[in-house]
Amino acid sequence: MGYYLYKLKFTTPLHIGKSSGGNSLDDGQMTIHADTIFAALCAEAVKIGKIEELYTLFNENVLTITDALPYKENEIYLPKPILYTDKKKTVENSPNKKTLKNLDYIAINKFKDYLQFINQNDVNVDLDDYTTNFGNISVNTRVAVNNEGSPLPYHVAAFRFNPACGLYIILQTSQTAALDLFNILLESLGLSGIGGKQSSGWGKFEVYPSLIPEELKELLDDKEAPYQMLLGTYLPKDEELDSALANAWYMLLRRGGFVRSETYAPGQLKKRTIYMLGAGSCLRRRIPGAIFDLSDNGNHPVWRSGKTLFVGVNI
């Protein structure tokens, strides 16, 4: 299998709702979950008659992607591992507690030092050096006009990346034809936009293929590490769930939203809600995720991908 890294440089604001449920217009997040990217790629594939082919490639693990995670200049960042050791518990009760709690992503060149730090090894780490500002979220006030002409204000959160910052995706595939299709769809998605308020021109990005850092490739190939950290939203088949969660540390995400299809139903309907594991969750072994059909009396399937990549975590 080969790995491919794509940097996404956003040219317009980005709105991605949080996974905590409820109204997400006035709040948001910086990163994009792998299942959201998969759904957006499916929408692009429909336009060129490639939806069945794309589904098959993901379902058969020919194509696998991560969340869209942050980068700054030439440095890429991994999710902070969801792991608890005696050392980490000690740190959480120290003056570093707030810094550790607010730390969401770790630069790849500091990842091993961080693991040694939380594993009680003698590594001097200043957690303030690990914090990075990738951009800022702002809330925009807009006005909607109903049929009676009464103005109704509402708020929309927009994330704007700092210069030299953006998001990256890692793709795993061994087939040239699959890689070519993914490249076409990702470029098309950059022109269409991803996330909310696409009708306002939000969520557009330029795609820059980049080299995989050697440190990252080693982690991606490390299948023997005692923990395997998710790099995106994940959910295995029902019969494999207990095995996947055994002795694991993980975070649950509520995944819902609307079906964005003109042929699914006469009106706009919500997808069935599902709970998935989030990036940073640490399992004991790599178990492939699954793709789920969340349609409910609609005219076609509504797929939610629970497949992503892992990196080995030695602790």
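## Around helix 2

The buried residues of helix 2 are covered by a set of elements that includes helix 1 (34–47), strand 2 (64–65), helix 6 (176–192), strand 14 (291–293) and strand 15 (303–305). Keep in mind as you read that this is a predicted model.

Which residues of helix 2 are buried? In this helix, which spans residues 51–59, they are Leu 54, Tyr 55, Leu 57 and Phe 58. Looking down the axis of helix 2, you would find these buried residues within an arc of 165°, so they line one face of the helix. After helix 2 comes Asn 61, and its phi is positive, near 65°.

## Helix 1 against helix 2

Two packed helices are described by the angle between their axes and the distance between the axes. For helix 1 and helix 2, the angle is about 150° and the axes are 8 Å apart.

On the helix 1 side of this contact are Phe 38, Leu 41, Cys 42, Ala 45 and Val 46, and they meet Ile 51, Leu 54 and Phe 58 in helix 2. What is the make-up of the contact of helix 1 with helix 2: nonpolar, polar or charged? Its residues divide into eight nonpolar, no polar and no charged.

## Aromatic pairs

Searching the whole structure turns up nine aromatic pairs. One of these is formed by Phe 38 and Phe 58: the ring centres lie 4.9 Å apart and the planes stand at 65°, so the pair is edge-to-face, since planes over 60 degrees apart count that way. This pair links distant parts of the chain, with Phe 38 in helix 1 and Phe 58 in helix 2, 20 residues apart. Phe 38 is buried, at a relative accessible area of 0%, and Phe 58 also counts as buried, at 1% relative accessibility.

Tyr 55 and Trp 303 make another pair, with ring centres 4.0 Å apart and planes at 15°; these rings are stacked because their planes are under 30 degrees apart. Here too, distant parts of the chain are linked: Tyr 55 is in helix 2 and Trp 303 in strand 15, 248 residues apart. Both Tyr 55 and Trp 303 are buried. Elsewhere, ring pairs join Phe 10, Phe 159, Phe 161 and Phe 205 into a cluster.

Strands of a sheet pair through backbone hydrogen bonds, either parallel or antiparallel. In this model, an open sheet of three strands runs in the order 13-10-16, with antiparallel pairing. Its edge strands are strand 13 (282–283) and strand 16 (310–313), each of which pairs on one side only.

How many bridges join strand 10 and strand 16? Strand 10, residues 227–230, pairs with strand 16 in the antiparallel sense over four bridges. Within strand 16, Val 311 is the residue that stands opposite Met 229.

## Positive phi in two loops

Ala 164 is not a glycine, yet its phi is positive, about 70°. Ala 164 sits in the loop between strand 7 (151–161) and strand 8 (165–173), and it is partly exposed, with a relative accessible area of 35%.

Asn 247, also a residue other than glycine, has a positive phi near 55°. You will find Asn 247 in the loop between helix 8 (241–245) and strand 11 (252–255). Is Asn 247 buried or exposed? Asn 247 is exposed, at a relative accessible area of 63%.

Note on methods:
Residues numbered from 1 in each chain as written. Predicted model: local features only at pLDDT ≥ 70, side-chain atom pairs only at ≥ 80, totals over all residues. Heavy atoms only, no water. Pairing = 2+ DSSP bridges. Buried < 20%, exposed > 50% of the residue type's maximum accessible area, 1.4 Å probe, protein only. Arc of directions from axis to C-beta. Contact = heavy atoms within 4.5 Å. Axes fitted to C-alpha atoms, helices over the stretch in contact; angles between N-to-C directions. Nonpolar A, V, L, I, M, F, W, Y, C, P; charged D, E, K, R; others polar. Phe/Tyr/Trp six-rings, centres within 6.5 Å; stacked < 30°, edge-to-face > 60°.
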